Amino acid sequence: MTATTSPQLGQIHALLAERGYDVSEPAPDTLKIRETGSGVTVQAVLAGDILFLTLVCTVVPRTAITAGI
């Protein structure tokens, strides 16, 4: 990929998979990327030429979320 071309989700997917990451596409323009050694997972969304990355720090059951919190 050169600086004059826009990244495509398939190219990003292939690059990450080549480097040993577990990559899936749960929705259009979205990647779920898991580092196989640690299990740390990030989500990536491609919007135009920008790749947004999200790292979920913790997950709790919906019932644990209350107005007091």
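In this predicted model, four strands form an open antiparallel sheet in the order β1-β2-β3-β4. Strands here are DSSP runs of E with at least two residues, numbered from the N terminus, and two strands pair if DSSP finds at least two bridges between them. Local features need pLDDT of at least 70 and side-chain atom pairs count only at pLDDT 80 or more, while totals for chains, interfaces and linings use all residues. Residues are numbered from 1 along each chain as its sequence is written, and side-chain values use heavy atoms, leaving out hydrogens and water.

- β1 (22–27) and β4 (50–55) are the edge strands, and each pairs on one side only.
- On average, neighbouring strands of the sheet are turned by 25° against each other, direction ignored; axes are lines fitted to C-alpha atoms, and angles run from 0 to 180 degrees between N-to-C directions.
- Strands of a sheet pair through backbone hydrogen bonds, either parallel or antiparallel.

- β3 (residues 41–47) pairs with β4 in the antiparallel sense over six bridges.
- Leucine 46 stands opposite leucine 51 in β4, and alanine 47 has isoleucine 50 of β4 as its bridge partner.
- Two residues lie between β3 and β4 in this hairpin. Glycine 48, in the turn, has a positive phi of about 65°.

**The loop between β1 and β2**
- Aspartate 29 is found in the loop between β1 and β2 (30–34).
- Its phi is near 65°, a positive value in a residue other than glycine.
- Aspartate 29 is partly exposed, with a relative accessible area of 43%; buried means under 20%, exposed over 50% and partly exposed in between, using a 1.4 Å probe and protein chains only.
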